[in-house]
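Dear colleague,

Please find the structure below, together with its sequence. My notes on it follow.

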Amino acid sequence: MDRATLLDDTLAGHRLTEEEGRFLMTATSGRDVFAIAAAADECRRKRVGDRVTFVRNQNLHVTNVCKNTCGFCGFGRPLGAPGTYCFGREEVRRKAALARDRRVTEVCPLSGVHPDFTVDSYVDLITWILEGAPGVDVHFCSPEEVSYVAKKAGISTAEVLERLRSAGLGTLQGTAAEILDDEVRQVICPKKCDTATWLRVIREAHAMGIRSTATIMYGAGETVAHRVRHLALLREVQDEHGGFTELVPLSYIHQNTALFRAGRAPPGATGREDLLLVAVARLFLDNIDHVQVSWGKVGPKMASLLLLAGGDDLGGTMYEDEVTVDAGAEEASYMDPGAMARLAADLGRTLWQRSTTYELLREAPLS
Ligand code: SF4
């Protein structure tokens, strides 16, 4: 396979096969890696132009109690474990009101899957958030959470989605995808829903007009073939309804996780792997416009390089991210839009504030 021809063809509209995706993602020489990144950069420029976007959002950690205790996660703890918490109405409303005061347009509850939670719990949480911060996009609930409470209640996942939407859900979280391969899931998150369930719930949501992010959590021991297969599944789903707003690549933070400590996972992805994941995703996903750079996972300097390799979005301001901090990334909680604007300006691009669904709101000034 000739790399230069393949990249030229892809920029001219060729849809990469999985075999071609694997070929690109396994590049190791500087010449090859940077040629792929340059092609992805050009693909990004053609698709979405020279803006870098971000969303003013706030994470809201409702509980760190989690029935799943995934091996790659340092945040979720079993019910009754030391240091666990679960906020009620007042605390959730207070945190949401703080988000409103910070002029965020999105509140993103990031929590464990509490074993006692029901559909009503999620409806209540959405209601409380909207009481504290009316009008925000409540970006909430993964397919895992939807399928868990549906099963408990003996109702369909479509019914759960309808109830969440009626309560005010804005967009669904595309989390819990990790790597969409059941053998990998058996190792890294055996208690989570399987691949078929994740895909089914996402398809249902998109068919109902509820949009979501798409995520990939990589670097915890899966192969390049798994990563590319995952991208292929996302591309298939996107062909049907176009419901994904973006791809969010999440590089595994290993330090404080059981999987790494037990010697069952490597110490995360390398810089080359981070670069190629973003670049190949940009080239492979010809139907998802936006590829996010998760500065909390890779740090601001690597984020800058990923914006040169196909990335066009810096995600959210976040304000808190205990999930990433607890896993071992110390500076993951907040990035000021001024710092984001400097990152963008350094690359000759401008920073724009967007909504959750990528409506452009305003250009963010350099400060
Ligand atoms: S990744 Fe999510 S589901 Fe898994 S243990 Fe952590 S909080 Fe729970």
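Arginine 103 is placed in the loop between α4 (89-101) and β3 (106-109); helices (H or I, at least four residues) and strands (E, at least two) are DSSP runs, numbered from the N terminus. Please note that this is a predicted model, in which local features need pLDDT of at least 70 and side-chain atom pairs count only at pLDDT 80 or more, while totals for chains, interfaces and linings use all residues. Residues are numbered from 1 along each chain as its sequence is written.

Although arginine 103 is not a glycine, it has a positive phi of about 60°. Arginine 103 counts as exposed because it has 9 C-beta neighbours inside 10 Å (buried means 20 or more other C-beta atoms within 10 Å of a residue's own, exposed 12 or fewer, and partly exposed in between, with C-beta atoms placed from the backbone). Alanine 176, again a residue other than glycine, also has a positive phi, near 70°. Alanine 176 is found in the loop between β5 (169-172) and α8 (182-188). With 26 C-beta neighbours inside 10 Å, alanine 176 counts as buried.

The ligand site

Which residues are around the ligand? They are Cys66, Asn68, Thr69, Cys70, Cys73, Phe75, Gly76, Gly112, Val113 and Cys189, a residue being near a molecule if its C-beta atom, placed from the backbone, lies within 6 Å of it. This shell divides into six nonpolar residues, four polar and no charged (Ala, Val, Leu, Ile, Met, Phe, Trp, Tyr, Cys and Pro count as nonpolar, Asp, Glu, Lys and Arg as charged, and the others, Gly among them, as polar).

The sheet around β1

Four strands form an open sheet in the order β8-β1-β9-β10, and their pairing is mixed. Its edge strands are β8 and β10 (360-363), each of which pairs on one side only. From one strand to the next, the twist averages 30°.

Strand β1 (residues 51-55) is largely enclosed by the rest of the structure, because four of its five residues are buried. Towards strand β9 (residues 350-354), β1 runs parallel and is joined by five bridges (two strands pair if DSSP finds at least two bridges between them). Within this pairing, valine 52 stands opposite leucine 351 in β9. With strand β8 (residues 313-316), β1 pairs in the parallel sense over two bridges. Here threonine 53 stands opposite aspartate 313 in β8, and valine 55 stands opposite glycine 316 in β8.

The pairing of β3 and β4

β3 and β4 run parallel and are joined by two bridges, with glutamate 106 opposite aspartate 137 in β4. In a regular strand the side chains alternate between the two faces of the sheet. Strand β4 (residues 137-140) is covered on both faces: Asp137 and His139 on one side, and Val138 and Phe140 on the other, are all buried.

Alanine 133 lies in the loop between α5 (119-132) and β4. It counts as buried because it has 25 C-beta neighbours inside 10 Å. Alanine 133 and alanine 97 are 36 residues apart along the chain, yet their C-alpha atoms are separated by 5.3 Å.

The axes of helix α6 (residues 143-153) and helix α7 (residues 157-167) come within 8 Å and cross at roughly 110° (axes are lines fitted to C-alpha atoms, for helices over the stretch in contact, and angles run from 0 to 180 degrees between N-to-C directions). α6 is therefore roughly perpendicular to α7 (65 to 115 degrees; under 35 counts as roughly parallel, over 145 as roughly antiparallel and the rest as oblique).

The axes of helix α9 (residues 195-207) and helix α10 (residues 224-241) come within 10 Å and cross at roughly 25°. α9 and α10 are therefore roughly parallel to each other, and α9 passes α10 in a right-handed crossing.

A pair of arginines

Arginine 261 lies in helix α11 (residues 258-261) and is partly exposed, with 13 other C-beta atoms within 10 Å. From C-alpha to C-alpha, arginine 261 and arginine 282 are 33 Å apart in space and 21 residues apart in sequence.

With kind regards

Note on methods. Left-handed = near helix turned anticlockwise from the far one by under 90°.
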